[in-house]
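Notebook open, model loaded. I want to go through this one piece by piece and jot down what I find.

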Amino acid sequence: MNKYFFSFLIAIIFISCKTDNIDADLLVTNATIWTGNPESPKAEAMAIKGDSVLAVGSFKDLEKFKGDSTEILDVHGKFITPYFYRCSCSFINGRQ
């Protein structure tokens, strides 16, 4: 019985480790992307799905996110950095 239970447990673990391939809506390539990571400060490509960044890295690494409907945008070496939006409004006088 323990032998079958152990085999069943191993099978469940392997099944749960399966990852589905996510197709990006947009692959940005040929870019200079600032990552903010001191160990890897720059990247050349970015995969985007909806309003989320799936991955940042080399185009070769991100090709796995390319699907039939994925748009590929070559930005010709332009610099990309995250946009941080800060909104602070005082409710007393409405100034920012």
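This is a predicted model: local features need pLDDT of at least 70, side-chain atom pairs count only at pLDDT 80 or more; totals for chains, interfaces and linings use all residues.

I started with charged pairs: Asp25 forms a salt bridge with Lys49, and the closest N and O atoms are 3.8 Å apart. Asp25 sits in the loop between helix H1 (2–16) and E1, and Lys49 in strand E4 (residues 45–49), so the pair ties together parts that are 24 residues apart in sequence. My scale calls a residue buried under 20% relative accessible area, exposed over 50% and partly exposed in between (1.4 Å probe, protein chains only). The structure holds 1 salt bridge.

Numbering runs from 1 along each chain as its sequence is written, and side-chain values use heavy atoms, with hydrogens and water left out.

Next, the overall layout. I count 2 helices and 7 strands in the chain, in the order α-β-β-β-β-β-α-β-β from the N terminus on. These are DSSP runs numbered from the N terminus, helices being H or I with at least four residues and strands E with at least two. Of the 96 residues, 20% count as buried. The chain exposes about 8,100 Å², and carbon and sulfur atoms supply 58% of that; the areas come from the Shrake-Rupley method with a 1.4 Å probe, and for residues only the protein chains shown count as cover.

Then the sheets. Which order do the strands take in the sheet of 4? I read E5-E4-E1-E6, an open sheet with mixed pairing. Strand E5 (52–57) and E6 stand at the edges with a single partner strand each, so one side of each is left without a neighbour in the sheet. Neighbouring strands here are turned by 20° against each other on average, direction ignored; the axes are lines fitted to C-alpha atoms (for helices over the stretch in contact), with angles from 0 to 180 degrees between N-to-C directions. E1 and E4 run antiparallel, joined by 3 bridges, and I found Leu26 bridged to Ile48 in E4. Pairing needs at least two DSSP bridges between two strands.

The other sheet is open too, with 3 strands in the order E3-E2-E7 and mixed pairing. E3 (42–43) and E7 (79–80) are its edge strands, each with a single partner, so one side of each has no neighbour in the sheet. Strand E2 (residues 32–34) and E7 pair in the parallel sense over 2 bridges, and Ile33 stands opposite Ile80 in E7.

I also checked Thr29, in strand E1 (residues 26–29). Thr29 is buried at 9% relative accessible area. Leaving out residues up to four places away in sequence, Thr29 touches Glu44, Ala45, Phe59, Ile72, Leu73, Asp74 and Val75; contact means heavy atoms within 4.5 Å.

Most residues other than glycine have a negative phi. Asn30 has a positive phi, near 55°, and lies in the loop between E1 and E2, partly exposed at 41%. His76 also has a positive phi, about 55°. His76 lies in the loop between strand E6 (71–74) and E7, and at 64% relative accessibility I logged His76 as exposed.

Conventions:
A salt bridge is a side-chain nitrogen of Lys or Arg within 4 Å of a carboxyl oxygen of Asp or Glu.
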